[in-house]
Amino acid sequence: MLSIAHGPTGALIASKIPNPVISIPLILASHYLEDRIPHWDVGQGLSSQRKRKRSAFLQELFFDFPLSIVLVYLFFQAGRPFDWRPWLGWFVGLLPDFIEFPYLFLNHRGFLIKKFAAFHTWSHRSTPNKFWGLLPQVLVLLLILLLK
């Protein structure tokens, strides 16, 4: 999924379950569960289509990533005193994608990174259809709005 789904999901879990010993594993699990839902994202097929990775990275960097920050701010921080938990949740919610960065963009193929990337690829379900691929992500955001 896009960062706009993973980040706010992590923020929701961290804000509802303030104990990081419990919330962090749940946030990580939510990332992989969300990736199991067929979805569209800018990075689909990056490991097999190297020529697309630059444009996908730029879209992620300048649109999706900042929008996830804005959404977490609007959903969990606007008009309230600063709370670090939603931001920790946002970071942990995106951590699997951050960890895969060296594999995809720096050609780093260390043992752990390689195993991690293989698991992440295994858990990932993509669809090229933008409408049907973005719909579950919009539904996730609506659910977060209802539960926050």
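Where is His108 found in this predicted model? His108 is located in the loop that lies between helix 4 and helix 5, the latter spanning residues 111-123. With a relative accessible area of 40%, His108 is partly exposed. Apart from neighbours within four places in sequence, the contacts of His108 are with Pro102, Tyr103 and Ile113.

The structure as a whole is a prediction, with a mean pLDDT of 85 for the protein. A pLDDT of 70 or more is reached by 88% of the residues. Residues 45-49 form a stretch in which pLDDT stays under 50. For this stretch the model has seven contacts beyond four places in sequence. Where pLDDT is low, predicted coordinates should not be read in detail.

The protein contains six helices and zero strands, and its pattern along the sequence is accordingly written α-α-α-α-α-α. Of its 148 residues, 40% count as buried. Among contacts with a separation of 6 or more, 75% are accounted for by residues 24 or more positions apart. The accessible surface of the protein amounts to about 8,300 Å², and carbon and sulfur atoms contribute 72% of that area.

The largest nonpolar core comprises 16 residues, of which Ile4, Leu71, Val72, Phe75, Phe76, Leu141 and Ile144 touch the most other members. At least two residues of this core are supplied by each of helix 1 (3-16), helix 3 (53-77), helix 4 (84-105) and helix 6 (130-147). In soluble globular proteins, nonpolar side chains tend to be buried together. Once residues up to four places away in sequence are set aside, Ile4 touches Asp64, Leu67, Ser68, Leu71 and Leu141.

Leu67, one of the residues touched by Ile4, lies in helix 3. Leu67 counts as partly exposed because its relative accessibility is 28%, whereas a buried residue would have under 20%. The C-alpha atoms of Leu67 and Gly7 are 9.6 Å apart in space, although the two residues are separated by 60 residues in sequence.

Gln77 also belongs to helix 3. Its relative accessible area is 5%, so Gln77 is buried. Beyond its neighbours within four places in sequence, Gln77 is in contact with Val72, Phe82, Asp83 and Trp87. One of these residues, Trp87, is ten residues from Gln77 in sequence, and the C-alpha to C-alpha distance between Gln77 and Trp87 is 9.3 Å.

Asp83, another contact of Gln77, is found in the loop between helix 3 and helix 4. Asp83 counts as buried because its relative accessibility of 18% falls under the 20% limit. In sequence, Asp83 and Ser15 are 68 residues apart, while their C-alpha atoms are 8.7 Å apart in space. Asp83 also forms a salt bridge with Arg85, in which the closest N and O atoms are 3.1 Å apart. The count of salt bridges in the model comes to one.

A nonpolar surface patch of about 690 Å² is made by Phe131, Trp132, Leu135, Val138, Leu139, Leu142 and Leu145.

Note on methods
Residues numbered from 1 in each chain as written. Predicted model: local features only at pLDDT ≥ 70, side-chain atom pairs only at ≥ 80, totals over all residues. Heavy atoms only, no water. pLDDT = per-residue confidence, 0-100. Contact = heavy atoms within 4.5 Å. Core = buried A, V, L, I, M, F, W, Y, C linked by side-chain atoms within 4.5 Å. Buried < 20%, exposed > 50% of the residue type's maximum accessible area, 1.4 Å probe, protein only. Helix = DSSP H or I, 4+ residues; strand = E, 2+ residues; numbered from the N terminus. Patch = residues over 30% accessible without salt bridge, like charges linked within 9 Å, V, L, I, M, F, W, Y side chains within 5 Å. Areas by Shrake-Rupley, 256 points an atom, 1.4 Å probe, with all protein chains shown as cover. Salt bridge = Lys/Arg side-chain N within 4 Å of Asp/Glu carboxyl O.
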